[in-house]
Every structure is written in structure tokens, then in C-alpha cells.
Amino acid sequence: HAKLAENCAIEKVFRRGKYIMLELTNGTTMIVHLGMTGQILFNSPADSHIRATFYIGKDTLKLRDPRGFGLVKVVDKNQNHQLRTLNSLGPEYYDENFTQEHVQSVTGKSTCGIKTLLLGQTILAGVGNYICDEALHAAMLHPLKRKLTAEECSKLHKSLLDIVAESMASGGVSMRDYVHIDGTKGTYQNFLKVYGRAGMPCLVCGGKLTKITVSGRGTVYCET
């Protein structure tokens, strides 16, 4: 993969779900995924767990990947990248196809609980654990609930848009590994209402927040 990217310039950078896509001047696309704990760092002195280093003139981009779940793949633009999860992603939050009707369509065809369905990213690309918990809380939906009504789909659609917008405005959540490319942290962790707050009071009703496991992920919600 490294040889395919040598002596190329980056023409375009965009995101698809949790994948970072870099179109290169030789007609290839570099696909990067940070896994669960990966970081991309610009001109960083970090030297531990470095999975890949990209040299751009006198500058460097490092992919730091402590748990080894990250991915770097270079493919021809017309080549099948064979990444099943990338092929199955739903619309982005800014996509005109991300509508209440889309949420209704996906949930109506599924027998999964809504949290499991959200984590599959067919409703909304790029949704992670904290966005799931926060959006379900805002929409007042139990994470194991199946078969949503039209009104519930409308609430979930709105809450997903709101949570993503709020998180982006705050630079994301930096509770553990996530940092910006210059190493600075986001601040949305200071505004979370349920994620990471198991056993603490609900900020709406004051009841004790409950934690369960859904699809292998810790899930916090208010029973009320």
C-alpha cells in the first residue's frame, strides 16, 4: 500500500462514516480508519504505537494506533475496496437523504433494538456509542425498543441532528483517546447527559441512570 502512495499529492480529503478518504494525484484513494483508539497527529513527537507515518515535504502525519484496530488501505478509484462496513453505510447527517422517512424505512424493516440498529450505521453514517446514547435520551427512547412509531422516528431524526451538531460545535468528545490533529481536545464531554454517567442522576428527572450492555457496548439510559 505504501508504494502506491509514494510521490503523490493529496487532491481531496473527505469523510464517509468513520472512514477518512484521501484522493491522490495518481488516481488512487487512501482509506484510513482510526479503529477504536487511533489518532492522526501532525508534526507530533509521539513515537509509541505509530502504525504509519506520511511524509509531506518537511511535515509528517502519524497514525498512532495503540490497540491495532486501525486501517490504512490504498486502492485504485475504480477498484472494489472490499470493506463491507464502508459499503453498507447509511446517509451522512448533512445528506438530503437523511430524513424522518429514511429513519422510518430502516427501523420498519428491522427486528433489532434501536441502539443495535444505530450502531450498525445504516440509519446514520458515523454514529458512535456516545451519539447513540445521547440521541436516544433526547428522543426519550429505550435503547432496546423495537418498531418505532412515526412520531418516535421524527424525534430520533431531530435528536441525531442536534447531537451531531452540538458535538461538532464543541470539537467532539475527548474522554479517552480522541484528539484533534494538533493534539488539542474537544469539550463535548462536558455536556453529555447520559454517556459515561451511569449511576448518576438524570439531568431531566433526577432518577438514577442505568447501565446495560447492548451489542457489546456499554449503554446508559434513564428508565423514566
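Analyst: D162 counts as partly exposed, at 30% relative accessibility. The model is predicted, and the values below are computed from it. The side chain of D162 meets that of K158 in a salt bridge, with 2.7 Å from N to O. Both residues belong to helix α6, where they stand 4 residues apart, so about one helical turn separates them. K158 is exposed, because its relative accessible area of 52% is over the 50% limit.

K155 and E151 are both in α6, 4 residues apart, about one turn of the helix. Their side chains form a salt bridge at 3.8 Å, N to O. K155 is partly exposed at 34% relative accessibility, while E151 is exposed at 55%. A further salt bridge links the side chains of K145 and E152, at 3.7 Å from N to O. K145 is partly exposed, with 29% relative accessible area. The structure holds 8 salt bridges, and these pairs are among them.

Helix α6 also takes part in covering another helix. Helix α5, residues 129-138, is mostly covered, with 9 of its 10 residues buried. The buried ones are N129, Y130, I131, C132, D133, E134, A135, L136 and H137. Their cover includes α6 (150-169), together with α4 (114-119) and β9 (217-221). So α6 has a part in covering α5, and it also carries the exposed K158, whose relative accessible area is 52%. Just after α5, M140 has a positive phi of about 55°.

T187 lies in the loop between α6 and β8 (210-214), and it is partly exposed, at 35% relative accessibility. Setting aside residues up to four places away in sequence, T187 touches S170 and G172. T187 and G172 are 15 residues apart in sequence, but their C-alpha atoms are 6.3 Å apart in space.

D65 sits between β6 (59-64) and β7 (71-76). D65 is buried, because its relative accessible area of 6% is under the 20% limit. The side chain of D65 makes a polar contact with the side chain of R51 at 2.7 Å, and it reaches the backbone nitrogen of F69 at 3.4 Å. Leaving out residues up to four places away in sequence, D65 touches L34, T37, G38, H49, R51 and G70.

The surface has a nonpolar part too. I10, V13 and I56 form a patch there, with about 250 Å² of accessible area together. V13 lies in strand β1, residues 10-16, and is exposed at 54% relative accessible area.

Last, the chain as a whole. Its secondary structure comes to 6 helices and 9 strands. The radius of gyration is 19 Å, close to the 17 Å from the globule rule for 224 residues, so the chain is as compact as a globular protein of that length. Buried residues make up 44% of the 224 residues. Of the contacts with a separation of 6 or more, 49% involve residues 24 or more positions apart. The accessible surface is about 12,400 Å², and 52% of that belongs to carbon and sulfur atoms.

Notes:
Residues are numbered from 1 along each chain as its sequence is written. This is a predicted model: local features need pLDDT of at least 70, side-chain atom pairs count only at pLDDT 80 or more; totals for chains, interfaces and linings use all residues. Side-chain values use heavy atoms; hydrogens and water are left out. Patches are made of residues with over 30% relative accessible area and no salt bridge: like charges are joined within 9 Å, nonpolar side chains (Val, Leu, Ile, Met, Phe, Trp, Tyr) within 5 Å. Accessible areas come from the Shrake-Rupley method with a 1.4 Å probe; for residues, only the protein chains shown count as cover. A salt bridge is a side-chain nitrogen of Lys or Arg within 4 Å of a carboxyl oxygen of Asp or Glu. Helices (H or I, at least four residues) and strands (E, at least two) are DSSP runs, numbered from the N terminus. Buried means under 20% relative accessible area, exposed over 50%, partly exposed in between (1.4 Å probe, protein chains only). The radius of gyration is taken over C-alpha atoms; the globule rule is 2.2 Å times the number of residues to the power 0.38. Contact means heavy atoms within 4.5 Å. A polar contact is a pair of N or O atoms within 3.5 Å; within protein, one must be able to donate a hydrogen and the other to accept it, and residues adjacent in sequence count only if both atoms are side-chain atoms.
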